[in-house]
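Hi,

Here is the structure I promised to pass on.

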Amino acid sequence: MKKYLFIISVIAVMLFACEEQPVGSTPMDSVAPGCVTEVGYNSVPGGADIFYSLPADEDLLYVKAVYTLANGKEINTRVSMYDDTLRVRGYADTDPRIVDIVTGDRSGNESEPVQITITPKPSPIYDILESVEVNPTFGGVTITWDNPTESVIAVTLKRSVAGGDWEEVNTYYSNSKTAKHSARGMEVADTKFGVAISDRWDNFTNERRFNATPWYEEQLVAGTYKEYKMPSDSDISYGWALNYALNGDLTEPWGWFSKPTVEGGNWPARFTIQFNSKVSLSRMKLVQRHGEMWENGNPKCFSVYGSNNPVDDTNNAAWTHLKDFTSVKPSGYPSGQYSDEDIYVAQNGEDFEFDPDKIDSYKYYRFEFTENWGGDNTFINFFELLFWGQNK
């Protein structure tokens, strides 16, 4: 009998332990925290920095601003009790705006709102639009702009089409201080373009209009150029032969990898390309090795030379120097940190343009790499190199 009583007792304990227990903490009190005091603000583009003094509540957890944008969207901006500034953003104009400031505690209680009226400065999108320039380039136009506040913006390019209508060409996203974006694939014709700037709160500028005539170019088909191996050109490592980087295939997981100096490779790293006939190069697109973008062996500084009678000289004296190029990380962030724009450029290719008034025709092009993004300058690697220009 005692045996059965023991078993029943164990089952009872187990059932009790399996009963649903409350999840989360039970509120410690129902008393709302005190309000902020000594509230003031500094106007900034698109909003204000609101400062204040905190109440003395021991269980204070956060302070938040609640405000409504011009499009009717309600925004909640929250900071911890260790911060004394609320950053209110999202306005486009300079109309006075009401902001509610609320405190909250660890028990889930919130104070009554303290209202403050702010007068924002104009959104950065208007100054950015004023800095926009649209200029012709190979196959299209290049847009440049200044964004000193590093605001996250969208740059929308439109062009006029037959019948007087307008069509969107593309939209480019950026938060770089000084930036540019090229739209390609256009005919050589005088065209009207429109550029508008918007931000992440759906504030839009009007369009600025420009006229430009794109310069002619065509993409040179992969297979019409190949490696022309010269004795002083770099050997390769890990089987990453140059022709992998010249086949136009952006899906394969390899490209060109020069033999590092620690393994007996030469520096600067070099290779030479032969075309089927003379060509005038207008630009190149270099696709970085994705796993090491803006780092390690991805090219940073290099020079390009042309010749119709190639000579293997390490000082390139017998070659015509065409241009020195430097890869530019859009964000300017240090190694290991990337903006969305950085990732997009690295994975889709960075454009390098030749000078339009210095384009001659050559059958052989030599590339000499003098600096990589890792700064160790022992090797170069990248995925793909694409070319545009004209066959002569």
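Predicted model: local features only at pLDDT ≥ 70, side-chain atom pairs only at ≥ 80, totals over all residues.

**What I found**

Strand β2 (residues 47–53) pairs with β5 in the antiparallel sense, over 5 bridges.

As a reminder, strands of a sheet pair through backbone hydrogen bonds, either parallel or antiparallel.

Next, the helix α3, which covers residues 340–348. Which of its residues are buried? They are E341, D342, V345 and A346. Seen down the axis of α3, these buried residues fall within an arc of 125°, so they line one face of the helix. What do the buried residues of α3 pack against? The partners are β11 (166–174), β12 (178–183), β18 (269–287) and β21 (350–353). After α3 comes G349, with a positive phi near 110°.

Now the aromatics. The structure holds 29 aromatic pairs. In one of them, the rings of F325 and F352 have centres 5.7 Å apart and planes at 80°, so the pair is edge-to-face. F325 lies in strand β20 (residues 320–326) and F352 in strand β21, so this pair ties together parts 27 residues apart in sequence. Both F325 and F352 are buried.

F325 also pairs with F354: their ring centres are 5.4 Å apart and their planes at 85°, so this pair is edge-to-face too. Here F325 in strand β20 is linked to F354 in the loop between β21 and β22 (362–372), 29 residues apart. F354 is buried, as is F325.

Two charges sit over tryptophan rings. The charged end of R209 is over the ring of W166, 4.0 Å from its centre. K300 lies over the face of W373, at 4.6 Å from the ring centre.

Last, take a look at T137, in strand β8 (residues 133–137). Is T137 buried or exposed? T137 is buried, with a relative accessible area of 1%. Leaving out residues up to four places away in sequence, T137 touches T142, S182, R184, P214, W215 and E353.

Cheers

Notes. Residues numbered from 1 in each chain as written. Heavy atoms only, no water. Pairing = 2+ DSSP bridges. Helix = DSSP H or I, 4+ residues; strand = E, 2+ residues; numbered from the N terminus. Buried < 20%, exposed > 50% of the residue type's maximum accessible area, 1.4 Å probe, protein only. Contact = heavy atoms within 4.5 Å. Arc of directions from axis to C-beta. Phe/Tyr/Trp six-rings, centres within 6.5 Å; stacked < 30°, edge-to-face > 60°. Lys NZ or Arg CZ within 6 Å of the ring centre and 35° of its normal.
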